[in-house]
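Reader: I have the model open on my screen. Can you walk me through its pockets and side-chain pairings?

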Amino acid sequence: PDLCGPSPVCCLVGETGSGKSTQVPQIILEEARAAGNWNVRIAVTQPRRVAALNLARRVALEMGEQDVGGTVGYRIGGGKKSGSHG
């Protein structure tokens, strides 16, 4: 996607509440799919288990999904609920 340029890795730094964890990943996914890339993986890190679970659920809902496990997944320690790209 254009947002990250040609690099396969893109790290973001920004203020709290700026959309780094919720909006930007969705924009990257939309750009990739519009370019025909359906095999894109986006990772977002969170410092706590509860934050990671809540973030995954929120992004799934914002994307119109019922819960995680469709487009959105998560991995915490040894436990995970994979999204459609595993």
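Reader: Which element gives the most to the lining of the largest pocket?

Author: This is a predicted model, where local features need pLDDT of at least 70, side-chain atom pairs count only at pLDDT 80 or more, and totals for chains, interfaces and linings use all residues. Residues are numbered from 1 along each chain as its sequence is written, and side-chain values use heavy atoms, with hydrogens and water left out. Helix H1 (23-34), H2, strand E1 (74-76) and strand E2 (79-81) each give two or more residues to that lining (helices are DSSP runs of H or I with at least four residues, strands are E runs of at least two, numbered from the N terminus). With five residues, the top contributor is H2.

Reader: How much space lies in the largest pocket?

Author: A pocket here is an open set of points on a 1 Å grid over the protein atoms alone, where a 1.4 Å probe fits, with protein on both sides within 12 Å along at least five of seven lines; lining residues have an atom within 4 Å of a point. Volume is the space filled by probe spheres set on the points, which are joined across faces, edges and corners. For the largest pocket, that comes to about 850 Å³.

Reader: And which residues lie nearest the centre of the second largest pocket?

Author: That pocket holds about 510 Å³ of space. Its lining counts 19 residues. Nearest the centre are Cys10, Cys11, Ile28, Ile42 and Ala43.

Reader: Is Cys11 buried or exposed?

Author: Buried means under 20% relative accessible area and exposed over 50%, with partly exposed in between (1.4 Å probe, protein chains only). Cys10, at 34%, is partly exposed. Cys11 has a relative accessible area of 70%, which makes Cys11 exposed.

Reader: Which side chains meet in a salt bridge?

Author: A salt bridge is a side-chain nitrogen of Lys or Arg within 4 Å of a carboxyl oxygen of Asp or Glu, and the whole structure has one. The two partners sit four residues apart in helix H2 (residues 49-62), so about one helical turn separates them. At 2.9 Å, N to O, the pair is Arg58 and Glu62.
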